[in-house]
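I set out to record what I looked up in this structure, entry by entry.

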Amino acid sequence: MQHDFSHVTTWVFDLDNTLYPPSDALFDQIDVLMTQYVMQALNLDEPAADKIRATYWKEYGTTLAGLMERHDLDPDPFLDAVHKIDVSHIKKNTELRDNITKLNGRKIIYTNGSKGHAENVTRALGIDDIFDGMYGVEHAGYQPKPRRAAFERVFALDGVDPTKAALFEDDVRNLEIPHAMGLKTILVGPKEDHPFIHYHTDDLTDFLSRLVA
Ligand SMILES: [Mg+2]
């Protein structure tokens, strides 16, 4: 496995449900806040807001992308509101910290959330100071993963050579285009079989420990 990654000079990490597990229940909070925001912004009841969010997620990639394209919504107030979450129950993850630190090369975070959200969550995990860059949806001109233009924009900003990079991500949809661009792809979460997934793990810390051993 290590040999398969020996060419990698940049390690790209998604944030939510990748650097922490779904059981930490952070994205659950964002989900609730996004539905509340949609209810208010579009004057809908909760079932209607959930329904429209599901549609936008499927058609546009994220709730925000759908709101922007269909309703010309201002993204920054949305991002501020939906990332006001409680992280006080999150424990520092020293094992994850040690393993990421041992990786050779640049380590960056790229999330469909905001950079401020990435800073907030990684601070709670005790890993905020070990990354060389953090990028949010704002760095991709508010275009979400999995759009190719979004990946291209963030990779260009950081100077990532896709053929020398690896991507850890829990959303299967966000691995297909990076694979086509030349990245090594690692699905973090429940196993799925797709030709564009090189590796799978449901335990990021354990996967990294074998990679840096
Ligand atoms: Mg994620």
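Entry 1. I began with Asp158, which counts as buried because its relative accessibility is 11%, under the 20% limit. I note that the model is a predicted one. The side chain of Asp158 meets that of Arg106 in a salt bridge, at 2.8 Å from N to O. This pair links distant parts of the chain, as Arg106 belongs to strand β2 (residues 106-110) and Asp158 to helix α7 (residues 148-158), 52 residues apart. I found Arg106 partly exposed, with a relative accessible area of 31%.

Entry 2. I counted twelve salt bridges in the structure. In one of them, Asp31 pairs with Arg53, and the closest N and O atoms are 2.7 Å apart. Asp31 lies in helix α1 (residues 27-42) and Arg53 in helix α2 (residues 46-60), so the pair ties together parts that are 22 residues apart in sequence. Arg53 is buried at 11% relative accessible area, whereas Asp31 is partly exposed at 30%.

Entry 3. I then turned to Lys191 and Asp193, whose salt bridge has its closest N and O atoms 3.4 Å apart. Lys191 is exposed at 56% relative accessible area, and Asp193 is exposed at 65%. Salt bridges that share partners also join Asp14, Lys145 and Glu169 into one network.

Entry 4. Which protein donors does the magnesium ion have? I found Asp14 (OD), Asp16 (O) and Asp170 (OD), lying 2.1 to 2.2 Å from the ion. Asp14 and Asp16 are both buried.

Entry 5. Lastly, I located a negative surface patch formed by Asp72, Asp74, Asp76 and Asp80. Asp74 sits in the loop between α3 (63-71) and α4 (75-82).

How values were computed:
Residues are numbered from 1 along each chain as its sequence is written. This is a predicted model: local features need pLDDT of at least 70, side-chain atom pairs count only at pLDDT 80 or more; totals for chains, interfaces and linings use all residues. Side-chain values use heavy atoms; hydrogens and water are left out. Patches are made of residues with over 30% relative accessible area and no salt bridge: like charges are joined within 9 Å, nonpolar side chains (Val, Leu, Ile, Met, Phe, Trp, Tyr) within 5 Å. Accessible areas come from the Shrake-Rupley method with a 1.4 Å probe; for residues, only the protein chains shown count as cover. A salt bridge is a side-chain nitrogen of Lys or Arg within 4 Å of a carboxyl oxygen of Asp or Glu. Lys and Arg count as positive and Asp and Glu as negative; His and the chain ends are not counted. The place of a charge is taken as NZ of Lys, CZ of Arg, CG of Asp or CD of Glu. Helices (H or I, at least four residues) and strands (E, at least two) are DSSP runs, numbered from the N terminus. Donors are N, O and S atoms within 2.8 Å of the metal (3.2 Å for Na, K and Ca); water is not among the atoms, so sites may look incomplete. Buried means under 20% relative accessible area, exposed over 50%, partly exposed in between (1.4 Å probe, protein chains only).
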